[in-house]
Amino acid sequence: MPSSPDHTYPTRQLCEFLARFTLADVPAPVIERAKDLYLDWIASAIAGKDAPAIRRLQEFAAAMGPQDGPAEVLVDRRRTSPYFAALINGASSHVVEQDDVHNGSVLHPAAVVFPAVLAAAQAEGKSGADILLASIAGYEAGIRIGEFMGRSHYTVFHTTGTVGTLAAAAAVAKLYGLDAEGINQALGSAGTQAAGLWEFLRDAADSKQLHTAKAAADGLMSAWIARAGFTGARRILEGAQGMAAGMSTDADPFCLTDGLGTRWATAETSFKFFASCRHTHPAADALKALMQREGIAAAQIERVTTHVHQGAIDVLGPVTNPATIHQAKFSMGTVLGLVAIHGHAGLGEFEEQALQDARVAAFRDKVEMALDDEINRAYPRQWIGRVTVRTTDGRTLEARVDVPKGDPDNTLSRPELEAKAIQLGAFRHGASEAEIREIIRRVWALEQAPDVKDWLPPAR
């Protein structure tokens, strides 16, 4: 028989907070930010339509899952079981690299939390308020667990794949109304399944979509089986043979309980302005600012040095000659080339110019990354952008951006988020402008919605 729970360890304290808080405890600005994040996620998920990796996972779901069910698959508007809906929606929301990111944890919460919560909520007949409460629980848990795992974890492991499994589990467990013990058991099952390795970057492989797919689906499964009485390790995070022991050298248990009930980490989450890996954004912002300030064109630039943190070198360094559009999103030189030559590195620029424009390839070869001690010390709490540019006429110019576009202190406004959502819906014709505008209307009133069914009409 399992021993009685010890309420003193950090994971347990986190679980007790997650079980206890209600939507009335959440400050109104945090609830509004959760709605912003939900809109940004659902549009990103729709934009994954017809991506090759997503089509392969759709084929898998069609072969292995039911042909109908209560949960919605956003990219093809079919219905299936909650598990397979979470799987496909989790994968599709991460493929165009427009989903959110939390700086301090280096976690993309939306791509794992919302797919699991929406699928479970549709199956359980839950309300919009239930979606918001559960999603905030997932963000609060996932961000703290990501911070707990430390910088060393991110060197080898894709935090959104590993920690994301626990974030999804916490969210669905909250949706199910599990008590602290049930949430703890869900985290135990999620943690023992947590996986996601960066090696795929070297091969332009599709694994990043598998990371979010499995994190969302396995997190949902972990909560479901916990509700049914399936047990998991209580100290899966800080235990002697838990996640930190095997996946980190600098884990800090204090992070698991930091500011519970007073610090709402959900509101710290950033939106993506460029359609690329977030590690490229600070330098892209700095280069864009420099070119505008100095009135120079790409042809006048001979060399660009981006001053970066070690995490950027670890993730972007392996990509030297991108072979696919998705891999190009992890190429610092490609992103800066698009910004310098085309003025932006958005969905259209990547699709039409990242691999096709010889000028972008030539600019890519002018870009180098250099580890900067100040920037490295500030990371991951702050993602500073700094570039040094040598011009063809011999000048040396510098620019620095302390708060990249999309961060909470330089956030996207609601009109900007709405415009982004419409653009994401139009990409690969995933949803019409009228459909996206109806989604926007529903999201801004989400806490009043009696149910969360039918976000998109069935395909004709």
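In strand E6, Thr 396 is the bridge partner of Arg 390. Strands here, like helices, are DSSP runs numbered from the N terminus, a strand (E) having at least two residues and a helix (H or I) at least four. E5 and E6 run antiparallel and are joined by 6 bridges; two strands are taken to pair if DSSP finds at least two bridges between them. The two strands form a hairpin with 4 residues between them, and Gly 394 in the turn has a positive phi of about 90°. The model is a predicted one, in which local features need pLDDT of at least 70 and side-chain atom pairs count only at pLDDT 80 or more, while totals for chains, interfaces and linings use all residues. Residues are numbered from 1 along each chain as its sequence is written, and side-chain values use heavy atoms, with hydrogens and water left out.

Strand E3 (residues 301-308) is largely enclosed by the rest of the structure, because 6 of its 8 residues are buried. Buried means under 20% relative accessible area, exposed means over 50%, and partly exposed lies in between (1.4 Å probe, protein chains only).

The chain as a whole has 19 helices and 6 strands. Its radius of gyration, taken over C-alpha atoms, is compared with a globule rule of 2.2 Å times the number of residues to the power 0.38. For 460 residues a compact globule would have a value near 23 Å, and the 21 Å of the chain agrees with this. The C-alpha trace spans about 75 × 55 × 40 Å along its principal axes. Buried residues make up 61% of the 460 residues. The accessible surface comes to about 16,700 Å², 53% of which belongs to carbon and sulfur atoms; areas come from the Shrake-Rupley method with a 1.4 Å probe, and for residues only the protein chains shown count as cover. Of the contacts (heavy atoms within 4.5 Å) with a separation of 6 or more, 77% are between residues 24 or more positions apart.

An unreviewed UniProt entry places the feature "domain: MmgE/PrpD N-terminal" at residues 12-252. UniProt positions are given in the numbering used here, feature names are shortened, and annotations may be inferred rather than shown by experiment. Over residues 12-252 the chain is 64% helix and 2% strand, with the end C-alpha atoms 15 Å apart. Helix H7 (residues 159-175) contains Leu 166, which is buried at a relative accessible area of 0%. Not counting residues up to four places away in sequence, Leu 166 touches Ile 145, Leu 187, Ala 190, Gly 191, Ala 194, Ile 236, Leu 237 and Met 243.

Side chains of opposite charge can pair when their charged atoms come close. A search of the whole structure finds 38 salt bridges, each being a side-chain nitrogen of Lys or Arg within 4 Å of a carboxyl oxygen of Asp or Glu. One of them joins Glu 181 and Arg 12, with the closest N and O atoms 2.4 Å apart. Glu 181 lies in helix H8 (residues 180-193) and Arg 12 in helix H1 (residues 10-20), so this pair ties together parts 169 residues apart in sequence. Glu 181 and Arg 12 are both buried.

Arg 79 and Asp 454 form another salt bridge, whose closest N and O atoms are 2.4 Å apart. Arg 79 belongs to strand E2 (residues 79-80) and Asp 454 to the segment after helix H19 (433-444), so parts 375 residues apart in sequence are tied together. Arg 79 is partly exposed at 22% relative accessible area, and Asp 454 is partly exposed at 48%. A network of salt bridges links Glu 32, Arg 33, Lys 35, Asp 36, Arg 414 and Glu 447.
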